[in-house]
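Please read the following report alongside the sequence and the coordinates. It moves from the chain as a whole to a few individual residues.

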Amino acid sequence: LNDIMAGWQTHIMHTCVVCKERGHYCEVCRSSERLFPFELDRVETCAECKAIFHASCLERCSVQCERCERIRRVKRREGK
């Protein structure tokens with residue numbers, strides 16, 4: 001099973017251009033490194049908006065989720 005998972009991770013993260021482009025970027029540190037939701041040991045996913053962050057970045061963030069906070073600010077400005 002580990003060999004199968006390693007093969008798929010290599011495919012998604014390195015080999016397949018389509019899969020690789022579906023990676024996410026951390027909105028806290030703005031790193032160009034792509035993050036994937038299956039990297040459970042180093043990423044956190046917002047339960048509300050599904051944004052993905054480095055776990056270490058989210059820990060030191062002043063708000064729970066930068067993206068959710070930005071969406072809330074926009075909605076307040078629009079009066080929704």
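## Overall build and local features

Of the 80 residues in the chain, 28% are buried, where buried means under 20% relative accessible area, exposed over 50% and partly exposed in between, with a 1.4 Å probe and protein chains only. This is a predicted model, in which local features need pLDDT of at least 70 and side-chain atom pairs count only at pLDDT 80 or more, while totals for chains, interfaces and linings use all residues. Residues are numbered from 1 along each chain as its sequence is written, and side-chain values use heavy atoms, with hydrogens and water left out.

The chain holds 4 helices and 2 strands, in the order α-α-β-β-α-α from the N terminus; helices (H or I, at least four residues) and strands (E, at least two) are DSSP runs, numbered from the N terminus. The radius of gyration is 15 Å, well over the 12 Å that the globule rule gives for 80 residues, so the chain is more spread out than a compact globule. That radius is taken over C-alpha atoms, and the rule is 2.2 Å times the number of residues to the power 0.38. Along the principal axes, the C-alpha atoms fill a box of roughly 50 × 25 × 20 Å. Among contacts (heavy atoms within 4.5 Å) between residues at least 6 apart in sequence, 26% join residues at least 24 apart.

As background, most residues other than glycine have a negative phi.

The aromatic side chains give 1 pair, under a rule by which rings of Phe, Tyr and Trp (its six-membered ring) pair if their centres lie within 6.5 Å, with planes under 30 degrees apart counted as stacked, over 60 as edge-to-face and the rest as tilted. The ring centres of Phe36 and Phe38 are 5.6 Å apart and their planes stand at 20°, so this pair is stacked. Within the pair, Phe36 is buried at 4% relative accessibility, whereas Phe38 is partly exposed, with a relative accessible area of 30%.
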